[in-house]
Amino acid sequence: MSRGYCFDEEIAPSDCAFSAWGENLAQLFEQAALAVTETTVELEDVREVERRTFELKQEDLDSLLIEWLEELVYVKDVDRMVFRRYEIDIDESQNSLSARLYGETLDNNRHRINNDIKAVTYHKFSLEKSAGGWKAFVVLDL
């Protein structure tokens with residue numbers, strides 16, 4: 001699958017904004033996660049040394065996407081982990097996610113650091129189904 005996200009520097013110049021898309025929700029969540037990783041470090045620097053799993057459930061899909069991205073920021077801050085590959089399953093009827101993440105411990109001597117994400121925001125946030133799949137817009141507080 002080709003890259004399914006792009007950064008938008010004009011929307012929130014002091015923060016980081018991106019659009020992500022996919023043919024289905026799992027692809028969209030994967031692409032949004034990759035955008036979060038690339039906001040933090042250069043993706044090509046991250047090796048697939050460790051595997052982590054996540055199970056999340058929320059009241060709606062908007063909240064599920066926000067919580068998913070917040071978990072990635074939390075794991076980066078607390079466990080100092082960054083990931084380069086995501087395998088995601090979404091159950092739309094349950095608003096739940098099951099994910100396998102592959103990456104490694106953040107190493108300031110080897111990884112090229114781009115930004116430190118403080119939070120995922122609801123500012124201008126959107127998640128919607130379109131004719132070609134799903135798309136989202138997310139602003140990250142740096």
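Select Arg80 to start: this residue sits in the loop between α2 (61-78) and β4 (81-91). Helices (H or I, at least four residues) and strands (E, at least two) are DSSP runs, numbered from the N terminus. The model is predicted, with local features needing pLDDT of at least 70, side-chain atom pairs counting only at pLDDT 80 or more, and totals for chains, interfaces and linings using all residues. Residues are numbered from 1 along each chain as its sequence is written, and side-chain values use heavy atoms, with hydrogens and water left out.

Stay on Arg80 and look at the backbone. Its phi is near 55 degrees, a positive value in a residue other than glycine. Most residues other than glycine have a negative phi. Arg80 has a relative accessible area of 34% and is therefore partly exposed (buried is under 20% relative accessible area, exposed over 50%, partly exposed in between, with a 1.4 Å probe and protein chains only).

Next, select Lys124, in strand β6 (residues 119-130). Here too phi is positive in a residue other than glycine, near 60 degrees. Lys124 counts as partly exposed because its relative accessibility is 47%.

Now go to Glu23, in the loop between β2 (16-22) and α1 (25-40). Is Glu23 buried or exposed? Its relative accessible area is 62%, so Glu23 is exposed.

Keep Glu23 selected and display its contacts, meaning heavy atoms within 4.5 Å. With neighbours within four places in sequence left aside, Glu23 is in contact with Gly132, Gly133 and Trp134.
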